[in-house]
Amino acid sequence: MADRYLSFTGTAPGRLLTRRLGLPQPARLRRWSAEQPTLQGRLLHLTAGKSDLDLAPVLALAGLDLDLVPAGSALDLGTENPVAVVLDATGVRDVDSLAEVHAALHPVVRSVAGSGRIVVLGSPPDPADHHQAAVQQGLEGFVRSLGKEIGQGRTVNLVRLTDARAAESTFRFLLSPRSAYVSGQVIEVGDGAGAGAGGTGAPVDWGRPLAGRTALVTGAARGIGEAVAATLARDGARVVCLDVPAAGADLDAVAARLGGVALALDITADDAGARIADALPEGLDVLVHNAGITRDRRLVNMPAERWSPVLDVNLASVLRTTDVLLSGGTLRPGGRVVATASIAGLAGNAGQTNYAASKAGIVGLVRSLGPRALSEYGVTVNAVAPGFIETRMTAAVPLFIREAGRRMNSLAQGGLPVDVAETTAWFASPGSGAVNGQVVRVCGQSLLGA
Ligand SMILES: NC(=O)c1ccc[n+]([C@@H]2O[C@H](COP(=O)([O-])OP(=O)(O)OC[C@H]3O[C@@H](n4cnc5c(N)ncnc54)[C@H](O)[C@@H]3O)[C@@H](O)[C@H]2O)c1
């Protein structure tokens with residue numbers, strides 16, 4: 001179901017009318033395209049507090065296609081609008097240095113280009129220093145609030161890190177059109193220790209980071225799964241597309257289009273993990289658990305027949321197949337598991353006790369298994385938590401609820417399947433070995449559970 005309101009506000013009369021009526025003004029987001037794969041313009045590097053981070057070499061990366069304006073340089077904000085700003089606030093340790101965050105961004109924020117990016121860098125809160133912990137936590141509130149007020153398709157995210165090099169893949173994602181629908185997020189990047197093969201080392205080719213790797217995507221016959229398979233194939237992966245036998249024709253078409261392989265299999269089958277392992281004797285690098293279903297009813301009206309399948313598809317099969325593919329060695333060192341949560345799992349949603357329990361379960365899985373899978377198998381485990389994404393699943397939502405879901409986020413529009421796919425591709429990158437145990441919402445900073 002196309003977003004007609006977004007199309008209407010893109011016209012001159014639509015803009016005028018909606019502005020007069022005080023209605024939301026969604027901007028047309030700039031997403032990745034083969035013609036314009038990167039943001040182009042100035043990247044302004046600012047600092048607040050005394051930072052020890054060696055950021056300049058990472059920000060100077062040619063791959064970003066951004067002209068770096070180093071910390072301390074003067075920029076004529078009247079004529080030289082930055083398209084991206086990185087504010088290094090890792091050295092903010094007290095309320096006085098937190099004021100430097102305000103001082104750095106206050107004069108700049110108005111001039112950031114439409115669909116531009118602001119990335120604030122913070123340090124992990126220090127359990128031994130409650131002043132540092134307080135102000136570093138303060139950055140979260142700052143970033144989330146700025147994301148809600150900045151508008152024009154601009155995004156604001158917080159990255160907590162200790163080693164700038166380990167965050168290179170994260171910079172490349174957040175400072176690009178690929179992260180168009182990711183805003184108001186807090187992402188922790190580790191130091192990459194124990195990241196396994198291809199952990200923090202740069203991939204051979206950032207343009208095709210998954211070249212030579214095999215990725216399996218469940219629920220790949222349509223919707224978000226189809227976009228994930230296509231995006232991983234764009235990044236060079238050989239894709240194995242899995243879906244239920246009933247979706248066989250669509251599945252075959254997707255696999256053929258992407259030069260991949262179709263695997264018609266119900267993921268809830270007891271032997272699903274073993275059958276995937278059999279189909280991949282040479283091993284697997286990226287496992288994307290995307291298949292999911294809803295069977296909505298309020299709990300008072302929900303018979304067990306509507307509870308069990310949702311928990312089985314969305315959570316139990318994810319647990320079972322991950323266990324089999326990890327312990328059996330199908331997932332190779334340097335491997336990546338990306339599961340699919342949902343903002344309903346974070347916020348709760350009336351009529352979705354089953355679905356929200358399954359999706360919150362994914363969050364629990366990622367947080368528990370992530371650190372262990374990395375140290376034992378060299379495999380990272382992360383999750384995307386989509387908000388309102390334009391798919392058949394959301395097209396089936398009643399009109400008014402659908403319209404509210406689309407608008408009630410900082411970008412005032414629904415996301416596209418490709419937005420979830422790009423986030424998955426960032427997690428899946430060989431360069432993302434230091435990104436582990438994270439749940440990143442792809443929701444345009446939805447008000448739900450914010
Ligand atoms: N669309 C959204 O707004 C949204 C929001 C939050 C989370 N999600 C999650 O994203 C994922 C994809 O959602 P979508 O909107 O593309 O859904 P969709 O219904 O369009 O596609 C889901 C796919 O999973 C497949 N599938 C279902 N059960 C399966 C099984 N037992 N074995 C193998 N494949 C199976 C279906 O055949 C289908 O092709 C789901 O996990 C969903 O919960 C979607």
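# Strands, a sheet and the helices on it

Guide: In this predicted model, L158 stands opposite V186, a residue of strand β6.

Visitor: What makes β5 and β6 a pair of strands?

Guide: Strands count as paired if DSSP finds at least two bridges between them; β5 (residues 155-160) and β6 are joined over three bridges, in the parallel sense, so by that criterion they pair.

Visitor: How do you know where α5 packs, and which strands does it touch?

Guide: Contact requires C-beta atoms, placed from the backbone, within 7 Å of each other, and helix α5 (residues 130-150) touches β3, β4 (117-122), β5 and β6, packing on the sheet with its direction at about 165° to that of β5. Another helix, α4 (residues 95-105), lies across β1 (41-49) and β3 (82-91) and runs at about 155° to β1.

Visitor: Why is β2 called an edge strand, and which other strand is one?

Guide: The open sheet has six strands in the order β2-β1-β3-β4-β5-β6, with parallel pairing. Strands β2 (66-69) and β6 (186-188) each pair on one side only, and they are therefore the edge strands. From one strand to the next, the twist averages 20°.

Visitor: What makes A272 a buried residue, and which others in α9 are buried?

Guide: The term applies if 20 or more other C-beta atoms lie within 10 Å of a residue's own, and in helix α9 (residues 272-279) the buried residues are A272, G273 and I276. Seen down the axis of α9, these buried residues fall within an arc of 100°, so they line one face of the helix. Their cover includes β7 (214-218) and α10 (304-327).

Methods:
Residues numbered from 1 in each chain as written. Predicted model: local features only at pLDDT ≥ 70, side-chain atom pairs only at ≥ 80, totals over all residues. Buried ≥ 20, exposed ≤ 12 C-beta atoms within 10 Å, placed from the backbone. Helix = DSSP H or I, 4+ residues; strand = E, 2+ residues; numbered from the N terminus. Arc of directions from axis to C-beta. Contact = placed C-beta atoms within 7 Å. Axes fitted to C-alpha atoms, helices over the stretch in contact; angles between N-to-C directions.
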